Amino acid sequence: MPSVADILIPLALDNAYSYAVPAGLILAPGDVVQVPLGPRETVGVVWQVSESPGGSNLRPVTGRVEAPPLSDSLRELVDWLARYTLAPKGSALAMALRLPDEAARSETSRIGVRASGKPPARPTAARMKVLAVAADGTMRGKSALAKEAGVSLSVVDGLIDDGALEAVALAPEPVALPPDPDHARVPLSEAQAEASQNLIDLAFPSAEGEGAPKAPTVLLEGVTGSGKTEVYFEAVAEAVRRGHQALILMPEIALTAQFLGRFAERFGVRPATWHSGIGAKRRERLRAGVAAGEVSVVVGARSALFLPFADLGLVVVDEEHEAAYKQEDGVHYHARDMAVVRGRLENCPVVLASATPSIETKVNAEKGRYAHIVLPERFGGRRLPDIHAIDMRLDKPEKGRFIAPPLVNAVRATIEAGDQALLFLNRRGYAPLTLCRACGHRYQCRNCSTWLVEHRFRRALVCHQCGYAERRPEACTECGTFDNLTPCGPGVERIAEEVAALFPDKRVIVLSSDFPGGAERLRAELQSVADGDCDIVIGTQLVAKGHNFPHLTLVGVLDADIGLTSGDPRAAERTFQLLQQVTGRAGRGERPGRALVQTYQPDHPVIAALLSGDATRFYEEEIAAREAAGLPPFGRLAALIVSANERDVAEAHGQALARAAEPPDGVMVLGPAEAPLALIRGRYRFRLLVKTERAVDLQTYLRDWLKRGPKVRGNVKVAIDVDPQSFL
DNA sequence: AGCACGCCGACT
DNA sequence: GTCGGCGTGCTC
């Protein structure tokens, strides 16, 4: 009887297509195949195979493709992801099936060279240096040999042409060396040792197999500097000892040399890494290695979640609260949540690590859905910094200045003691608003309705939402008055000016994402700050994450109130996390650091909790507040409507949705200023985001609603940002 | 994702 | 009168 294969194609298609399986070809679910689609050939994955008497009018499968098949659990993950995010199944599949293009597949092996024994025809000085190095007769990579001899590659090439060196094709370098779980047991504090033992007992219960309890999700919560990494490294080591694979997910920015170095210290080798910057060739080999079970530990960004692991035994999500885990284009998903889902489907433990967990994770831990391990103190007896408020209503900075006198004094004392001070202001550029003193005109973005931010270094006015930029005018574009534009409020560039005036002979650096010279220079600059090559650092949120600054003893927060009124339902949470992290940077060795927080509202719950040094207080208050307001993660159904440039349509949708027969608990309409950047960069004129705990009910509800709602021009996308726990 | 079809504005 | 913009729909 002829068999029919249902093949899912990685395009925006919601259903698998049926193809005839030619005689002699035996297909199983998960196999990667090539199929005709319209006028062209595409790859697809077998989703189902059935015997059917008819169906001979189907087009036949072209053939099998050399690629690791998708396991049952990975296919389940794709189905789950599609259903949950309301994305077409094919789009979800595309996440797990980014095949490299044909050009990249072709095998270009590395070339090794060694001395042939034949003397060179023209023995120049450079050539002799190379031959001296190669004299031992061992095989080296071409570039390695050139580097070792201190000459350029062309000298080596010349010697190959000459015949003095012989070139041999080398076997490709292994994708990753096997990590040794017992390479170097770093000394753990008592608290760390206890936490890692608890974690291992939870993650790898002694009774494996039938009747064993379901693999848990564990929240590993530890204050900044408590050594969470060492704790979960022990769990990774245990997974490897048991012959399983482990995946460590990190926000893309955190994939630093610093972290990889720490891994190498513990496990003897650098881990295999997976992120968007990995070349197609390496990607494919790594994928194959992962599928064959040869690569035992992968450290990767969110897309690593869709690798075809043969035997996944542990997933760690580091800094689980990071917004970078959210994919905001194409299929919208939250990698932390999908990690939990994949853990369930693979029946493998998942560890969520953070110093400042997200509210939803905290709630899940409190409700007992996640196990909870807490590291309450810093490693090595280091104390948390002392945090004090500077009430800006009482301690005013001088006119035209933004740093209050107590903070100026603290900075002076710090650098006089030979330490480093950090001034934190989460605002890029020179001034967030420019206005004309003659006519009062305020410079606004022509696409969004936000103020244009002056960037003095670039001599431009820039929109921080859409990237629109114009030259800073000499005369007002409205009234024509010359040289009368006034910058209002501070950005980091303006603070740099103030600091230069206050401390003219000190080394000052400004670190923000528009650092001249790009990411590479920035990385080097962060390192030099860590090495102590600077007295005062002025930085945006970029300095709050990733890098450690061991010489830092003072953190000054210049405007703690930024972000508290943004209209984002997560504003309080985000602000608390950011401030907690940046103030936690202060401290050097045994000496506790100091943090001074400039604020106009020291009694605001977020600021008060931060000042009290009691994070538990913040979480309790925020959880209670959200529960009362019906916001996520508690809201039964809350809609968040974002419109890039048709706010009126969004408003109409929001109002109508609120009046619906079965209204959501809350409707929020956000204008472009508050809308996520990705939405505005995308071509969508209109977009609807939904936050709820009931994604599945909502799917039908919203599809139905969108048919009846106000007429919307352009694309409408529905994305869901919720807690997956309730559907597992 | 591609590619075709189709319906309104500016051109040889 | 056509060329071509991209909005919409289809691919087993």
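View 1. When neighbours within four places in sequence are set aside, the residues in contact with Cys476 are Cys436, Cys439, His441, Tyr443, Thr481 and Leu485.

**View 2. Cys439 in the loop between strands S20 and S21.** Cys439 has its place in the loop between strand S20 (433–436) and strand S21 (453–455), and at 38% relative accessibility Cys439 counts as partly exposed. Again leaving aside neighbours within four places in sequence, Cys439 is in contact with Cys476, Glu478 and Cys479.

**View 3. Four cysteines listed in the UniProt record.** Under "binding site", the unreviewed UniProt entry lists Cys436, Cys439, Cys476 and Cys479. Although these residues span 44 residues in sequence, no two of their C-alpha atoms are more than 8.6 Å apart, so they gather at one spot.

**View 4. Residues 101–109, where pLDDT stays under 50.** Chain A averages a pLDDT of 84, and 83% of its residues score at least 70, but over residues 101–109 the pLDDT stays under 50. For residues 101–109 the model has 10 contacts beyond four places in sequence. Where pLDDT is low, the predicted coordinates should not be read in detail.

Technical notes: Residues numbered from 1 in each chain as written. Chains lettered and ligands numbered in written order. Predicted model: local features only at pLDDT ≥ 70, side-chain atom pairs only at ≥ 80, totals over all residues. Heavy atoms only, no water. pLDDT = per-residue confidence, 0-100. Contact = heavy atoms within 4.5 Å. UniProt positions renumbered as here; feature names shortened; annotations may be inferred. Helix = DSSP H or I, 4+ residues; strand = E, 2+ residues; numbered from the N terminus. Buried < 20%, exposed > 50% of the residue type's maximum accessible area, 1.4 Å probe, protein only.
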